[in-house]
Amino acid sequence: MKKNKMIHRGFTLIELLVVVAILALLAGIVGPQVMKRLGDSKTKAAKIQIEELSAALEMYKIDTNRYPSTEQTLQALVQQPAGVDGWNGPYLRKNFVPQDPWKKDYLYRYPGRNAEYEIFSLGADGAEGGEKENQDVFSWN
């Protein structure tokens, strides 16, 4: 009678440690690049949303002969402000004012300091200035 020998095959601890070390090295190299792209894409998304809000403001002005005041905010694009004649909104497709990619409200100022009106986001940090993902995104540049 032949004995069936079970052959145990598997990975040694050294082999597993080498694989874990390689994966950690790859994560260290690739991870920062992925995070950089993520930050860049949020900034680009904010620029696109600001362009859409600007287009909606232009339609609002065509109908009402003026831009909403700072106090009326961008909410005037989806809800008629009191005392505004000619409003023919809502001027945004989804019937609400979107937040920036960092889940904060876009800031609006009319009249603006750098342009007739200003729509802007203060970036990830919510403070003026900054670089990369913390950079401010403006409608006028």
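Where is Asn95 found? Asn95 is in the loop between H1 and E1, and the tour returns to that loop below.

**Before selecting anything**

This is a predicted model, in which local features need pLDDT of at least 70, side-chain atom pairs count only at pLDDT 80 or more, and totals for chains, interfaces and linings use all residues. Residues are numbered from 1 along each chain as its sequence is written, and side-chain values use heavy atoms, with hydrogens and water left out.

**Whole chain**

Show the chain as a cartoon. The chain has one helix and three strands, in the sequence pattern α-β-β-β. Helices (H or I, at least four residues) and strands (E, at least two) are DSSP runs, numbered from the N terminus.

Switch to a surface. Of the 141 residues, 27% are buried. Buried means under 20% relative accessible area, exposed over 50%, and partly exposed in between (1.4 Å probe, protein chains only).

Among contacts with a separation of 6 or more, 41% are between residues 24 or more positions apart.

**Helix H1**

Select residues 13-64, which form helix H1, and pick out Asp40. Asp40 is partly exposed, at a relative accessible area of 29%.

Is Ser54 buried or exposed? Ser54 counts as buried because its relative accessibility is 14%. Leaving aside residues up to four places away in sequence, Ser54 touches Tyr117, Ile119 and Ser139.

**The largest nonpolar core**

A nonpolar core is a set of buried Ala, Val, Leu, Ile, Met, Phe, Trp, Tyr and Cys residues joined through side-chain atoms within 4.5 Å. The largest one has 21 residues, and Leu57, Leu74, Leu77 and Ile119 touch the most other members. Helix H1 gives the most to this core, six residues. In soluble globular proteins, nonpolar side chains tend to be buried together.

Centre the view on Leu74. Which residues does Leu74 touch, not counting those up to four places away in sequence? They are Leu53, Leu57, Val97, Tyr106, Tyr108 and Ile119.

**Backbone exceptions**

Most residues other than glycine have a negative phi, and most peptide bonds are trans. The next selections depart from one or the other.

- Asn65: this residue is in the loop between H1 and E1, with a positive phi near 70°. Asn65 is exposed because its relative accessible area is 66%.
- Asn95: phi is positive here too, about 65°, although the residue is not a glycine. Asn95 counts as partly exposed because its relative accessibility is 46%.
- Gly89 and Pro90: a cis peptide bond joins them, with omega about 5°. Pro90 lies in the loop between H1 and strand E1, residues 107-109.
- Tyr110 and Pro111: the bond between them is also a cis peptide bond, with omega about 0°. Pro111 is found in the loop between E1 and strand E2, residues 118-121.

Technical notes. Contact = heavy atoms within 4.5 Å.
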